Amino acid sequence: MASDFVSVIKPTADEPEGQQIGPIPVLPVRDTVLFPHAVLPLTVGRESSIQLIQSLGEEKTILVVAQRDARQDSPQAADLHNIGTRATVHKVVKMPNQSLFVFTEGNERVRLGEFAQITPFMTAESEVIAEVEPAKSPELEALQRNVVSQFQQIVTSSPTLSDDLQTIAINIEEPGRLADFIASSLPFLTTADKQELLETPDVAARLERINKHLAKELEVQQLRNKIQSEVQDSVQSSQRDFYLREQLKAIQKELGDLDDTQKDIAELKEKIEAAGMPEETKKDALKELARLSRMNSMAADYSLTRNYIEWLAVLPWAKSSAGEVDILKAKEILDADHYGLKKVKDRILDYLSVRRLKPDMKGPILCFVGPPGVGKTSLGRSVAKALGRKFSRISLGGMHDEAELRGHRRTYIGALPGQIIQNLKRVETNDPVFMLDEIDKLGRDFRGDPASALLEVLDPEQNNTFRDNYLDQPFDLSKVLFICTANQLDPVPAPLLDRMEIIELTGYTEEEKVAIAETYLIPRQEKENGIDPALVDFPKDAVAQIARHYTREAGVRKLEQQVGTIFRKIARRIAEGKNEKVTITNELVREFLGGIKVRVDTEIAERTKRAGVAVGLAWTPVGGDVLFVEASRMKGKGSFAITGQIGDVMKESMQAALTWVRSNAKKLGLDEDLLKDSDLHIHVPAGAIPKDGPSAGVTMATAIVSLLTDTPVRPLLAMTGEITLSGNVLPVGGIKEKFLAAKRAGVRDVILPVDCRQQVEEDLQADQIEGVTIHYASRIEEVLSIALPRTTGEVVHDEVVREELISAAV
Ligand SMILES: Nc1ncnc2c1ncn2[C@@H]1O[C@H](COP(=O)(O)OP(=O)(O)OP(=O)(O)O)[C@@H](O)[C@H]1O
Ligand SMILES: [Mg+2]
């Protein structure tokens with residue numbers, strides 16, 4: 001109310017001092033004080049007061065007096081202050097609610113005297129209070145100026161006080177009126193403060209008091225500013241930004257357009273809804289999303305949280321690609337992609353049939369084992385194709401850290417899900433074929449054992465709730481078809497092996513390689529090098545030449561590379577303008593690939609020229625291989641040594657071989673003291689791969705006898721078998737790989753333990769054996785009688801064969 005104040009400057013009222021005024025109406029007011037020279041609009045609502053105003057005739061003078069207690073509704077004389085203001089009523093306006101709006105102007109301070117009437121309204125006598133004017137002095141002047149300037153400051157910094165007030169204040173010269181004007185203008189003065197000022201007739205004292213009020217108010221104002229700015233500071237960066245952003249969002253919402261982040265969040269939400277994740281996971285994802293939408297998009301962990309949600313949203317929780325398995329079609333596809341491998345394909349189809357009949361089968365995991373390049377990986381790809389599923393390959397070779405498979409916790413910087421989840425994201429379906437390649441080369445160290453993570457992945461009992469460290473949500477892997485591959489099974493942890501159905505793939509013979517090259521490798525390489533098949537004739541002979549003399553492998557990878565090299569050379573010829581049809585001859589092969597790289601048959605012929613050298617057969621993870629055992633004798637004291645990259649078992653079987661030769665020296669037609677003055681040295685030249693095992697026993701015995709009888713072993717003959725001290729030949733493993741290696745090396749006779757006959761019949765087909773004679777032996781004597789020439793005719797024949805082979809190579 002006070003702020004509505006309108007002050008009017010009038011010349012000082014010149015009522016005589018101490019003048020007695022007869023009874024006039026007394027208007028009690030609550031919560032306000034009327035000062036002389038001020039105009040105050042009063043709302044009059046009380047019945048008695050309305051009667052009072054209505055009773056006024058020409059004489060419009062009343063006494064305006066503040067109540068001591070504003071809450072008093074029908075105040076009596078005692079409820080009023082003693083000092084009030086004589087006022088003139090200028091205008092009365094009737095309000096719609098029956099109350100009156102009364103404009104009053106203060107004239108001068110009065111002290112109330114006798115009350116003449118109480119009802120219907122009060123009237124009282126009064127006495128004018130004289131102002132105590134101060135003498136003019138510099139102090140007064142200073143005080144007055146100070147009051148004005150403080151008032152100005154307050155008005156300036158107040159949002160509610162009109163600037164006009166400053167101008168008026170500057171123009172008031174009398175200190176008393178100045179004090180009254182300011183007192184009635186300040187909104188912060190209480191009624192009590194104002195009443196006190198009204199009751200101070202001493203002008204100097206009144207000015208002093210006003211000055212104090214102003215100073216105090218200024219101080220309060222400054223303090224408030226300080227607090228305000230401190231609060232502002234602390235709130236500023238976060239809260240203010242937040243408010244602004246919220247406002248911006250609201251505005252954008254009003255305008256109907258979303259900003260990028262909001263669009264992004266809306267999209268993520270859609271993705272989460274559509275992903276088909278389990279209820280619990282979805283709840284968590286939406287919770288994270290809500291958190292994200294409250295975050296500042298510039299904040300560091302915004303993108304981390306967003307990434308996480310994105311991962312959850314894009315995983316194929318419920319998306320499958322495959323329908324029913326059509327076994328006939330699957331067979332067609334497997335046959336179309338791979339030559340031979342009949343047994344392998346059959347087992348795969350059996351496996352798929354069971355899965356078809358029992359789709360929720362918690363069956364074992366397939367594991368393809370075999371030498372490099374025999375088609376394990378590509379067979380896996382084919383299985384996926386046959387099933388109409390996506391294919392993905394995870395290389396386990398050299399994987400040391402469990403986290404590579406299972407991911408890092410989200411708290412790590414740069415954390416990501418592991419390979420399993422990453423690949424699931426890539427294939428976008430939850431039932432792909434996952435090929436876990438090179439499971440035999442899995443590492444382990446302080447960072448944890450990936451094999452144990454793999455166990456969980458492969459175990460049908462647990463893998464429906466596979467938990468990646470990053471996602472920290474269970475994912476159902478039970479629909480994934482896992483296929484592992486390995487070159488050998490020895491290093492594979494037993495618990496893993498337990499869960500796998502092993503399918504062995506062996507190396508190929510030369511004929512098989514040629515067939516594979518003709519149907520698969522050559523057409524593929526032609527296509528890859530952009531060569532028109534009509535322009536090239538690639539006869540079987542040339543392929544066989546490459547397989548035999550330019551590769552030494554169980555699989556066909558190197559063969560494919562060499563074929564590729566040939567096609568690149570042809571491409572170059574065509575590019576150079578030679579457009580006629582090319583037939584690949586042996587000469588062209590030599591021209592394109594250089595001189596012959598591998599000549600195992602001549603190597604055998606060459607090395608077995610000397611007595612004391614026998615050819616053995618070894619099994620290695622990269623396929624079978626031939627191995628040479630060389631025995632030498634020198635003057636000495638009957639000691640022996642064995643060298644080469646060989647293991648303990650092989651050393652022991654060398655001992656056994658030597659002991660048998662010694663104890664049978666006489667029978668063999670040897671001087672029993674033959675070894676007394678000499679040392680024996682057996683060397684097994686290291687191939688790329690260390691060799692061990694008992695299967696070289698017969699070979700070592702043969703080498704020693706060959707040495708001591710000075711008879712070279714028959715050419716192009718190889719053998720394998722364990723030997724006992726009594727001269728029995730025991731069966732050994734890996735016959736198929738060993739036999740194929742022998743055949744690839746050009747060997748024509750192979751001696752095997754008699755008990756391996758069954759292995760041969762089961763694992764090798766007639767066309768694979770063709771061209772090689774297999775001799776079965778149960779005793780070392782039988783081995784020797786086959787391995788060493790018995791007649792001079794045989795010796796001469798062997799010489800001739802050797803010479804032919806060696807000269808052919810030159
Ligand atoms: N029986 C086959 N019929 C047709 N192509 C074959 C056959 N076997 C192998 N291949 C081809 O040989 C190449 C090498 O095969 P792949 O990569 O599958 O070998 P791998 O057994 O996985 O070897 P590694 O153990 O080194 O991984 C592929 O291009 C594959 O298509
Ligand atoms: Mg592979």
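Are Glu-794 and Arg-714 buried or exposed? Both are buried (under 20% relative accessible area, with exposed being over 50% and partly exposed in between, using a 1.4 Å probe and protein chains only).

1. A word on conventions: this is a predicted model, where local features need pLDDT of at least 70, side-chain atom pairs count only at pLDDT 80 or more, and totals for chains, interfaces and linings use all residues. Residues are numbered from 1 along each chain as its sequence is written, chains are lettered from A and ligands numbered from 1 in the order in which they are written, and side-chain values use heavy atoms, leaving out hydrogens and water.

2. The structure contains 43 salt bridges (a side-chain nitrogen of Lys or Arg within 4 Å of a carboxyl oxygen of Asp or Glu).

3. Glu-794 sits in helix α28 (residues 792-809) and Arg-714 in the loop between α23 (697-708) and β21 (717-719), so the bridge ties together parts 80 residues apart in sequence. Helices (H or I, at least four residues) and strands (E, at least two) are DSSP runs, numbered from the N terminus.

4. Asp-335 and Lys-331 pair at 3.0 Å between their closest N and O atoms. They are four residues apart in helix α10 (residues 327-337), about one helical turn. Asp-335 is partly exposed at 32% relative accessible area, and Lys-331 is partly exposed at 39%.

5. Arg-607 meets Glu-630 in a salt bridge (2.9 Å, N to O). This pair links helix α21 (residues 600-607) with strand β18 (residues 623-635).
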